Each structure stands twice: as structure tokens, then as C-alpha cells.
Amino acid sequence: MYGVCGCCGALRPRYKRLVDNIFPEDPEDGLVKANMEKLTFYALSAPEKLDRIGAYLSERLSRDVARHRYGYVCIAMEALDQLLMACHCQSINLFVESFLTMVRKLLEADKPNLQILGTNSFVKFANIEEDTPSYHRSYDFFVSRFSEMCHSSYEDPDIRTKIRMAGIRGLQGVEEVAERSPSPETEKDKESPVELTERCFRELLGRAAYDNIKNAVKPVLMHLDNHSLWEGKTFAVRCFKIIMYSIQTQHSHLVIQQLLGHLDANSKNSARVRAGIVEVISEAAVIEASGSIGPTVLEVFNTLLKQLRLSVDYELTGSYDSFANMGSKVIKVHEERQLQESVIKTIGSFANTLPTYQRSEVMLFIIGKIPVPGMYPALGSANTGVEGSRMIQIMLLKSLLQVTAGFQSTNILTALPTSFLDPLLSFTLMEDAEIRLLVLDILISIIDRHDNRHKFSPVRIISDISVLKLKVDKCSRQDNLFMKKHSQRLYRHIYLACKEESSVQRHFESLHMLLGLICVELANEEVVVDLIRLALALQDLALTDEALPIYTRCAIHALSAAYLNLISQLTTVPTFCQHVHEVIESRKKLVPFLLPEDVLIESSKIPEKLENVEGEVLFVQSKIAEMLGGSGYNTERLAAPYIPQITDEDRLSKRKSIGDTVSLQLEMDSRNSPEKEQRSTAEQITFETLKQAIVDSVNVEELEKERRRQVVERFQNAPFEEIAAHCGARASLLQSKLNQIFEITIRPPPSPSGSVGNGHGRTRSIPVYEMDFPDLCVY
């Protein structure tokens, strides 16, 4: 009975007859529009038949695909598209299932045209908003198939491009159908594959929620790994720029975290791969910092500093480690060096986006990572040893220099806290010339708040410093407090840095720049006096320390002259300026090798030994003190020679104690005393005298060592009563000496009446100087 009904057209169901009527005899004629309108009207009038219409169209399409009648396939898909656009009813879900079945059939076909046709129909479907969402529908097949089409390797390049673009549009459609937020139609024919891909990528990321960020980024990382795209950098950087600009701002730190984790996971990969990841982190971190800082600031720097340490280890040891699977890899030193420079550049570029307070935290964080002898453990591995620690010191100081570049803080106390300044200054006493130069550059970057640093280079004698156009502001209260607290330490390190025999032209230029910036940025009247004393002390150092190389002595003289020329014009005291000018003119005529124009240049002009460095070619401290005293400066302080303070930093930096320096200074002072002069005239210096002096000095040194040993042994082993008695004796001796001095210099005033009170003789109050000092106050 059913077979008979199937053969008789008049007995066929109406929806089948309406579907059959939309197909012409010749598929080239296309869809019969009049009959299509009847089918659409019927579907709208009887929505319960819509699922049957869809099933029948699906049946016909499957048959036509199998028989390679592709013209009818196109007509069937066009009809389905029109029905989808026209019908919005509760039964649409059943019709959609039939529609997706037909699209799947087309996508599984081998013909590119059918794949593109199915994709276009799916995209149209994706732009339709359903009245009621369907949560049971799965699009896994379409995601997989569209992804395959994106990577099509069809032979014909034009068709291959069309298939890939269809795959991209399909993926975009999957996202749209899942979110049901249709995007506006664009001129897709004019859009290139790159533009279409980027637009799809941005839309996908823009819809990613907090929980989905990792799922969106992980495939990108895998793709870059599998296709070795980190080494080229450009593509990887572009991908992550798209990611960072497309996701929601508050989620950007999640991307940085994934990149940092990926960098750690590739720690034993080639340097070029790690450099590519670092470059991506650099670009992504800058974008993140410009929008939302997040909790990853120190994490970024910690990971980058760790990579620096590992790179140094790899470079020095020549291997990643003892792992068998890494043993075949060859480490290229130049690639590791490029990676190190890339990491340092990344640290700087990210730091430049941070606010001042966070940059200060980063500076403290980095200085805490630098191995300081005696203070922090060495970061180098057991295989790299001292050289590893040295290289890490240099790399981290370079990183710190990048962080301080362009750093401008209104409060120098917060910019250079003690916890930062102490370890930093300790590096100025290191024997390594490169480390000392980096420290000087760091100090210059922090102190220079008005971009004056380049105006002090090159070092030269300028007759009128107004041409430099220095920006000078009045010192703030914080500046004065900073100098009151730390000035002597700064002067001391500058003084000792000038004594370094390994210093070259660049070091003295940086020292001059640092001195000039202190004078311009942080100087009050007291600081100016101390800076003048320091410059004169440097002149004395170059005169007296004959153990220094000739170049170093000439460079110190040149530095002192250039700085006194600068500071004299800043003080605007005419007589001081005149004295400095006269000395400089005398040097030009007699000893030009003591001026920066002859010394602090690439091909310095220095003699084999220093001669005629006396008289008019030297700056005279007494004259300068007298000149400045007339302008209100502290004459007593100006007349006192500068002597660096003694600290324990030399022990921490593995250098000789500056006690030698102070002893030398005191010895020179004692030699210049009148008593010494009178005594020396009567002495005859012979060979025997010199020999005896050498023997005596050795004996004195041995006696001093023995005395120190006995003191230490006494305090370790002697009973407390004996130690207390010894200290009490010293206190009594000191008290008696003080009483004698006060008795000689100060007398009690006589009574106005000269009378005797109450018959007990003349009385007077006890002066303050006669009070006994407590034992604890006596050293």
C-alpha cells in the first residue's frame, strides 16, 4: 500500500510535493522561486511539518551527493537557508538537526566546492538568533573539521586559500553560534586570509572569560613550539600582541603567567627559543603594565633574573646539565650572550612602564639578588665559581641600570634608601673595573632628575658654564636630609674609586659626572664646602701617592681641576673663580698633562714621570678657604683636609682596609708639622739609616700583631674582675689627664666680695669639667 502511494504523485504528502516542486528539471536554472515561496508559506502555516521538510530535504541532498548531481545539492542548500531565515518557531530545533546533518555531509565530501558550500550555509545559520537556545547540540565535529580546513594542503593554491578561509569563517561561525552574538557582515571577498584570521582570533579572545584564558593561550604556545616559530620572534610577538589587546584588561596577567611558566619549561631549550619567548614577554608585559599591573610585577623580574643566572651557567659550563636528553645539545656562546642582552632589555622596557613606587621596589628586589662578598651568598653554581658570580653581578647590575634609566623621583630619600645604597656602594670598592663603572652609572641615573648628565660630558675646562644651560633647583628638605645622612659615604667612595689603578677614561668621566650632579642636584652650602675639600683631597692624593700609575695621577689632577672650575663658577665667588682660572692657565703653559683636554681623551698625552707639579700649578686650600670665608662659607671646615671615614666595607668587598689610606694621610700631616721639620734637618739619611728603618718597621709590625693577639686572648680568657679593673684604670688615667687640662686652661672665677663664708674658707661650686665621667663613657 505504501509503495503504491509512493508511486502516485497525487497521493504523496503535500510537504514532499512542495519540496519536489522547488527543483527544476535542469539544475542550471536554479531554485524555482515561486514554488519556494509556496514551501515557505506552508512551513510557516504548519510549523509542525518543518522537521519533516528538513528530513526530506536531507534525504534528497544525500542522494544527490552520492550521484554527483551537485547542481541539485546547491539548490537544496539554498532552500534550507531560506527556510532557516524565515522560520522562528518552537519546532525550529528539529529542523536545525536536519540542517546540520546536511552541512556535515557536505563538509565530509572530497570536493572543495561542497566543503565551501557547507561552510557558507553554516555561517548563515550562525547569524540566526534562535528564540530558545538548544543546550544539547554539539559542535565538536564542526570545530574539528573547520580546523582541518584551516590547514588544508590542497595542490591548487587558489583553491587551497579558499578552503582555508572557509575553515576560518567556519570556526568564527562556531563561536558566534555558541555565543549567539552575530557579527556584522563584511566584504569577505575583499578580506585577505590574514585579516580574516586576525579578526576571528580577536573575536574569540574577546569572548574568553577568566576560566578560559589558559585554554585560549595554551594552543598558541603549542603551535609556536611545534612549528619552531619562537626563533623568528616576529610572528610570535604579533600573536601575543593580538592576545593582549583582545582579552579583557583584568585578565592580562594570566597571559603573562603562562608565558613565564612556558619560559621556565623551556629553560633547557636553545638560546634562540628562550630569547624569542623573552621578546614576547617584553612586548606583552608592556601592554599589561599600561592597562592593569596585576600581581605579576616581581614574578616577571624574578623569572627573568633566573634566566640570566641559568644563561651564565650554560655559557661557562658549556652544557645545560647532566640530563641525558640534553647532552647532545651544543651551547653557542654568542647566542647565550644575545639572550642575556635580550633579558636585560626586557627588564628595562617593562620597568619603564611602572610607577615610581613600584620601580623602587624592583630596584630593591634586584639589588637583593646580586651576590655581594660577605653579605649575600654567591649565585653562581658550584661549577662556575668566582667567574660565575662575577658575570651574574655584571648582568644584574646591567639590569638595575636599565631599571634606573629615566627614573625620576622627587624624594631622593625614597629613591636611595639605606637598604639599597649600602650594597650598591659596596661595589665601588670591587677590583673589577666594569662593575665599578656600572655602579657609577646607576648612581648617576638616580641622582640626575633634570637631565643634566650629558652636559658634563666630555670632561673639559669651560670658561663660562652658562653655555651648558644646567637646570638647577633649590634643594628640598628631603635632599638636605639625604646628604646629611649619606654624603660622607658618597665622598668616601668617590675618593677611593679615584685610587683604582684599573680605572680608565670612562671611569673618570663618570666620576666627574657624578660629582657635577651632586653639586647641581643636592648641594647646599655645607655640601659645597665638602665637595671643595674632596676635590682638594684628590689633588693631594695624586701628589703624594707615588704608587699609583702615572695615568691615574694625571687623570685625578685633571678631574680635580675640571670640578673646581665647575664648582667655582656655581658659587659665583669672584676671587675663588680667579684663583682657579690662574691655576688652570698656569697648567696650560707648564703642565698641560694635568688638564682633561690632554688626559681624558682616547689618546692621552702623559709624560713618563710627573715633574714640576708644585707652586702655581696647584690649588691652594688655605687661599680658597680665605676667599670663600669672606662670602660666608665655613672657613674652619674649608681649612680642614678631607680624610675618608673608616668602615668595614673593604672587608666585605675583599679589598685592603682603608686604614692604610688614613695612615698615609696622617703620616703626611705629621711630616708637614713644624716639630718634624726641625727634627728632620738634623738627621743624616744614609744607607744604614734606610736599612735600619726597614728592619724597625718589620719589628714594629710583629710587635703590633703580638700586642693585638694578647689583647684578644685577655678578653677571651681573663676573668671579668680583671677586665673591669683594667678598664677602670684606663678611666682613672683619662680622668686625671682631663683634670690637668681643665686646671691649666680654666680657673674658677673669684668671689666678688673676696670674703670667707661662715668661717669655712673660700667656697665655690664644682665646675662641670670636674665631674667624674662614668666608666661606660670611657673607651
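Two exercises with worked solutions follow, set on a predicted model.

**Exercise 1.** Describe the largest pocket by its volume, its lining and the helices that supply the lining.

*Solution.* Begin with the volume, which for the largest pocket is about 1600 Å³. Next, consider the lining, which is made up of 38 residues, with Cys150, His151, Leu171, Thr197 and Phe201 lying nearest the centre of the pocket. By residue class, this lining divides into 20 nonpolar, 10 polar and 8 charged residues. Finally, trace the lining back to the secondary structure: H8 (140-150), H9 (157-179), H10 (193-206), H11 (213-226) and H12 (234-246) each supply at least two residues, and the largest share, 11 residues, comes from H9.

**Exercise 2.** Determine which parts of the chain are tied together by the salt bridge between Glu231 and Arg272, and classify the exposure of both residues.

*Solution.* First, locate the contact: the side chains of Glu231 and Arg272 meet at 3.8 Å, N to O, which is within the 4 Å cut-off for a salt bridge. To set the pair in context, a search of the whole structure finds 30 salt bridges.

Terms used. Residues are numbered from 1 along each chain as its sequence is written. This is a predicted model: local features need pLDDT of at least 70, side-chain atom pairs count only at pLDDT 80 or more; totals for chains, interfaces and linings use all residues. Side-chain values use heavy atoms; hydrogens and water are left out. On a 1 Å grid over the protein atoms alone, a cavity is a set of points where a 1.4 Å probe fits but cannot get out, and a pocket is an open set with protein on both sides within 12 Å along at least five of seven lines; lining residues have an atom within 4 Å of a point. Grid points are joined across faces, edges and corners, and a volume is the space filled by probe spheres set on the points. Helices (H or I, at least four residues) and strands (E, at least two) are DSSP runs, numbered from the N terminus. Ala, Val, Leu, Ile, Met, Phe, Trp, Tyr, Cys and Pro count as nonpolar, Asp, Glu, Lys and Arg as charged, and the others, Gly among them, as polar.
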